[in-house]
Amino acid sequence: MVNGTASYGGNTTTPSPFSTVQVAILGFMYVLMFVVSVIGNTVVCYIVYQKPAMRSAINILLATLAMADFLTTALCIPFAVISMIAQNWIFGDVFCKVNAILFNLLVTEGTFVLLTISVDRFMIIVQRKDTLTPRKAKIYIVISWVLSFAVVMPPIFGWGKYSFESGQIQCSLEWPSQNKLDLSYGIFFFVLTFCVPLLSMGYCFVSILRTVRRNSTRIQNHPPVPGGVMTKMHRPGKMNIDYSFKTRAFTTILILFVLFLICGLPYTVIRFHLLFSGYADSLSYVADVVVIFVAYLNSALKPIIYYIRINKFREACVDIMPSWCHVPHCLPGRTIRRIRPHVVYEVDKKFVTSSL
């Protein structure tokens, strides 16, 4: 029930901090996020599957990321919303474990795929080794799924426990502070699925930014001069390469990383708080509703980022959409960059990273 005493797995708790109107508003926001995520991520997967030109290694990885987001939204959000409205888990203990495994599995898979994409950008820009092929991308995807299953399955065999606890809106890991075995799995899970990927991706992006900045500075300070003859087009200190197009794809991946950080960090902080304090905090329900919403928001925002940032994806979306659905030219995602014939594009292999 919304107002009054709510029960969670047979335990009586304090009244819900949300009124009926607030629950209705939250429910509407969850439903809207559900619709955007399902439609957007389905379109991403459909485009990569249907159009051979879109089946590059990076696009296959992005499609896998979209599939994980789609499944997270479709298989987990409805039960979180129902639990929020009912103030209880009404689907039984067995499905509670299934729901927790699905949520952790799909979130972990999405994290590992994003890590793979980040390492690929690091290899291309910093190490100058563009070795990722569609075949290798598929192998890495299989490995990521295997690792994700390996990380989330131990509670089924006794190391850790999935349950629905007071102050939550969906099933997740149980955090008994006295049980050192389950406590160790909780630490293991969040270190392996969030802390290690976060540090690894952070290192990749810092290295990439330093490399891009260093190469850009070299190009600005040492413009190549054909035949050693200085002309008006090659004045010292002027940049004669449009370097921005080389970093556009990297910038998109960086935005995805920042989104991962913003959406995943609150959830992780709350879980680590519960790891040591348990569920005694009366504010944990409000916090859980907010952090779960933010965590799911990650899946809904990614297709919007693809549409705004990736030209080929935007063009493919326009092709499959009816005319009345097209985004007006004045809105984001419809900007067409002008070709400037007067700009000379001189490329020196010594300073050029792989085209992104």
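**Salt bridges and a helix crossing**

K97 and D93 pair up through their side chains in a salt bridge, with N and O 2.8 Å apart. Keep in mind that this is a predicted model. Both residues sit in helix α3 (residues 93–125), 4 residues apart, or about one turn of the helix. K97 has a relative accessible area of 27%, so it counts as partly exposed. D93 reaches 51% relative accessibility, so it counts as exposed; the cut-off for that class is over 50%.

Side chains of opposite charge can pair when their charged atoms come close. The count here comes to 3 salt bridges. Another one joins D120 and R121, again with 2.8 Å from N to O. D120 is buried, because its relative accessibility is 8%, and R121 is buried too, with a relative accessible area of 7%; buried means under 20%.

Then there's the salt bridge between K302 and D69, where the closest N and O atoms are 3.2 Å apart. This pair ties together distant parts of the chain: K302 belongs to helix α7 (residues 284–309) and D69 to helix α2 (residues 57–86), 233 residues apart. K302 and D69 are both buried.

Now for a contact between helices. The axes of α1 (residues 20–50) and α8 (residues 311–320) come within 10 Å and cross at roughly 95 degrees, which means α1 runs roughly perpendicular to α8. On the α1 side, V43, V44, Y46 and I47 make the contact, and on the α8 side F313, A316, C317 and I320 do. Sort the residues of this contact by type and you get 8 nonpolar, no polar and no charged.

Note on methods. Residues numbered from 1 in each chain as written. Predicted model: local features only at pLDDT ≥ 70, side-chain atom pairs only at ≥ 80, totals over all residues. Heavy atoms only, no water. Axes fitted to C-alpha atoms, helices over the stretch in contact; angles between N-to-C directions. Helix = DSSP H or I, 4+ residues; strand = E, 2+ residues; numbered from the N terminus. Parallel < 35°, antiparallel > 145°, perpendicular 65-115°, else oblique. Contact = heavy atoms within 4.5 Å. Nonpolar A, V, L, I, M, F, W, Y, C, P; charged D, E, K, R; others polar. Salt bridge = Lys/Arg side-chain N within 4 Å of Asp/Glu carboxyl O. Buried < 20%, exposed > 50% of the residue type's maximum accessible area, 1.4 Å probe, protein only.
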